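Please open the model in a viewer and keep the selection panel at hand.

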Amino acid sequence: MDIAAQNRGAAPAEEARVLGIETSCDECAVAVVEGGPGAARILSNVVLSQIDLHQAFGGVVPEIAARAHGETIDTVTREALAAAGVDLSSITHVAATAGPGLLGGLLVGATFGRALAMAAGKPFVPVNHLEAHVLSPRLSDGVAFPYCVALLSGGHAQFVAALGPGDYRRLGGTIDDAAGEAFDKTAKLLGLGYPGGPAVEAAARGGDAKRFAFPTPLARREGCDLSFAGLKTAVRLAAEKTAPLTDQDIADICASFQDAVARLLRLKSARALDAFAAAHGAPSALVAVGGVAANGVLRAALADVAAAHGVDFAAPPLSLCGDNGAMIAYTAIDRLAAGIVDPPGRVRSRWPLDASAATAAPLLGAGKRGIKA
Ligand code: KG4
Ligand code: ZN
């Protein structure tokens, strides 16, 4: 059956049960989520990480990622259905990430999702990966629109006003590296391996955050744009000056680096909240999403800022911070309930959340996984 025709007849998602597929980077993830907007339950959330395949290369190798997704997607899907205790016939929609991300992996997940939807006679819903991260606090905490988002992942660092499903305004973003990239590069430099974020956070626990005075780039510039490149250079210079590095030196560098990122995010998230209030009125919450939002020190810093502004703070649990299929399935629930029906379309390596801001004032940040912003 023609998928566009199936989509036109898509049931509203009051009580949808969606299979969500995520393959945009190095996680092959499938989940089943059911319910309605702001009130959905995760029936299963299976994430198969490819970290061991990419570790030796110090980063994600697109070709290896795509091939691995192709080899595992059907098994992971079967597992997700089995863990949810449902079969394909009781699924109402199949959703898959269609961008932004690595093209090979996106093609595997989206093509598999479309084929599965077609075979099962269900509508297929293509999902923007960034939108899925942004909506994840609605799945975990039922956060109500409008809210202010700090989107901090391996390919991104931006502040976004989430006004409703499909309605996002960029408040500011990185002009160079992504937040996760700064952690990953710091880890690589210090020999802590890949992915760097969790390794840096762990090393920082035993470190002295005051030992190295790392800068907070763009602090004096107005607005809430971010920059991490100068910080990365400062870390490299400090490491070179201190070498040979002891474990304590590494811990101190990690703690000082993480502290600088926290100071930067405190300053810029306060400005993002002010910009939000000026343009859109009071937000219901400040939320932190994306892989870097798993960092406890950064979460605490953002929670402080939210409290000082008198707004709630939310961040999804760790299982929903990194890439996962549940946020993809939930995005379909929010969009369908809002009456947004997307044609299957093509996969896109670049797909900004706020197309007008991306065109009018493109940010320079590329991110190691290609320009996603
Ligand atoms: O959202 P995500 O899983 O994938 C993308 O869409 O990019 O984010 C992955 C990024 C990696 O750069 C990883 O190092 C970082 O999130 N990350 C962390 C932590 N856990 C993961 N960064 C800082 N602290 C952490 N605990
Ligand atoms: Zn992500």
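Which residue of β4 stands opposite Val 18? Select Val 18 and look across to β4: the residue there is His 93. Strands and helices here are DSSP runs (strands E, at least two residues; helices H or I, at least four), numbered from the N terminus.

Before moving on, note that this is a predicted model, in which local features need pLDDT of at least 70 and side-chain atom pairs count only at pLDDT 80 or more, while totals for chains, interfaces and linings use all residues. Residues are numbered from 1 along each chain as its sequence is written, chains are lettered from A and ligands numbered from 1 in the order in which they are written, and side-chain values use heavy atoms, leaving out hydrogens and water.

**The sheet**

Select residues 16-22 (β1) and 93-99 (β4), which run parallel and are paired over four bridges; two strands pair if DSSP finds at least two bridges between them.

**Salt bridges**

The structure holds 17 salt bridges, each a side-chain nitrogen of Lys or Arg within 4 Å of a carboxyl oxygen of Asp or Glu.

Select Glu 181 and Lys 185 in helix α6 (residues 179-189), four residues apart, about one turn of the helix. Their closest N and O atoms are 3.2 Å apart. Glu 181 is buried at 4% relative accessible area, and Lys 185 is partly exposed at 32%; buried means under 20%, exposed over 50%, partly exposed in between (1.4 Å probe, protein chains only).

Then select Arg 211 and Asp 249, whose side chains form a salt bridge at 2.9 Å, N to O. Arg 211 lies in the loop between α7 (196-204) and α8 (229-242) and Asp 249 in helix α9 (residues 247-280), so this pair ties together parts 38 residues apart in sequence. Asp 249 is buried at 9% relative accessibility, whereas Arg 211 is partly exposed at 36%.
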